[in-house]
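Please look over the sequence and the model shown below before reading on.

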Amino acid sequence: GDVIYDMLRIYFEEIFKYRTSEQIEHIKQCLMAVNVYIAASSLTSAGFTLAVASSVRIGLNLSLEISALAGTWTSRGIAAVGIYGVVQKAADSAYRLHIQFPAYYSALYAQGLEMLYFLIEPVFQKAGAIEAQWASDTDIAGIISRMIQ
């Protein structure tokens, strides 16, 4: 399957876990105010989570970054050094996530995805997504908007 989508879905499940339908409606209204429309007829937390994860995944352009990362070290014939570098980068990224957002780290770890967080970490940093664990509904809408754009 699509591991990026799975990681985004898990992220939004963590973010929306304790939100009421009124809070989700407010987030949706904030998104519409900045021309981000999430197709979710059902305003349940689960339905909105899937819709937001899909929208963000469509907005991301990680496939080029992943293929560039893979192509860089394999084309030079230093695969062993390149693999070590990727593994070290993945471990460092997972450690940062473990410190910054333990609940999300634990959810990824339960699925065996924590070492792949480095693939989406730049997008999360740019959008301020790690701060969503303490953010207001309006702030969450801003984070989603930055992740999509």
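**A guide to the predicted model**

At 35% relative accessibility, Glu 13 counts as partly exposed, a term for residues between buried (under 20% relative accessible area) and exposed (over 50%), found with a 1.4 Å probe on protein chains only. This is a predicted model, in which local features need pLDDT of at least 70 and side-chain atom pairs count only at pLDDT 80 or more, while totals for chains, interfaces and linings use all residues. Residues are numbered from 1 along each chain as its sequence is written, and side-chain values use heavy atoms, with hydrogens and water left out.

In soluble globular proteins, nonpolar side chains tend to be buried together. A nonpolar core is here a set of buried Ala, Val, Leu, Ile, Met, Phe, Trp, Tyr and Cys residues joined through side-chain atoms within 4.5 Å. The largest such core has 43 residues, of which Tyr 11, Phe 12, Phe 16, Tyr 104, Phe 124, Ile 144 and Met 147 touch the most other members. At least two residues of this core come from each of H1, helix H2 (21-33), helix H3 (45-59), H5, H6, H7 and helix H8 (137-148); helices (H or I, at least four residues) and strands (E, at least two) are DSSP runs, numbered from the N terminus. H1 gives the most to this core, with 8 residues.

Aromatic rings come next. Rings of Phe, Tyr and Trp (its six-membered ring) pair if their centres lie within 6.5 Å; planes under 30 degrees apart count as stacked, over 60 as edge-to-face and the rest as tilted. By this rule there are 10 aromatic pairs. One of them joins Tyr 11 and Phe 124 edge-to-face, at 4.7 Å centre to centre and with 70° between the planes. Because Tyr 11 lies in helix H1 and Phe 124 in helix H7, this pair ties together parts that are 113 residues apart in sequence. Both partners are buried: Tyr 11 has a relative accessibility of 1%, and Phe 124 has a relative accessible area of 0%. Tyr 105 and Tyr 109, by contrast, form a stacked pair, 6.1 Å centre to centre with 20° between the planes. These two tyrosines are 4 residues apart in helix H6 (residues 102-111), and are therefore separated by about one helical turn. Tyr 105 counts as buried at 16% relative accessibility, whereas Tyr 109 counts as exposed at 51%. Ring pairs also link Tyr 11, Phe 12, Phe 16, Phe 101, Tyr 104, Tyr 117 and Phe 124 into a cluster.

Which residues of H6 are buried? They are Tyr 104, Tyr 105, Ala 107 and Leu 108. Seen down the axis of H6, these residues fall within an arc of 165°, so they line one face of the helix; the arc is that of the directions from the helix axis to the C-beta atoms. On the other side of H6, Tyr 109 and Ala 110 are exposed. Gly 112 follows H6 and has a positive phi, near 75°.

Beyond this point, Leu 113 is found in the loop between H6 and H7. Leu 113 counts as buried, at 11% relative accessibility. Leaving aside neighbours within four places in sequence, Leu 113 is in contact (heavy atoms within 4.5 Å) with Val 3, Asp 6, Met 7, Ile 10 and Leu 108. Leu 113 and Ile 4 are 109 residues apart in sequence and 9.5 Å apart in space, C-alpha to C-alpha.

Charged side chains complete the picture. Side chains of opposite charge can pair when their charged atoms come close. The structure holds 4 salt bridges, each defined as a side-chain nitrogen of Lys or Arg within 4 Å of a carboxyl oxygen of Asp or Glu. Among them, Glu 13 pairs with Arg 9, the closest N and O atoms being 2.9 Å apart. Being 4 residues apart in helix H1 (residues 3-16), Glu 13 and Arg 9 are separated by about one helical turn. In another, the closest N and O atoms of Lys 17 and Glu 14 are 3.1 Å apart; Lys 17 is partly exposed at 42% relative accessibility, while Glu 14 is buried at 19%. Glu 121 and Arg 96 also meet in a salt bridge (2.8 Å, N to O). This pair links distant parts of the chain, with Glu 121 in helix H7 (residues 121-127) and Arg 96 in helix H5 (residues 79-100), 25 residues apart.
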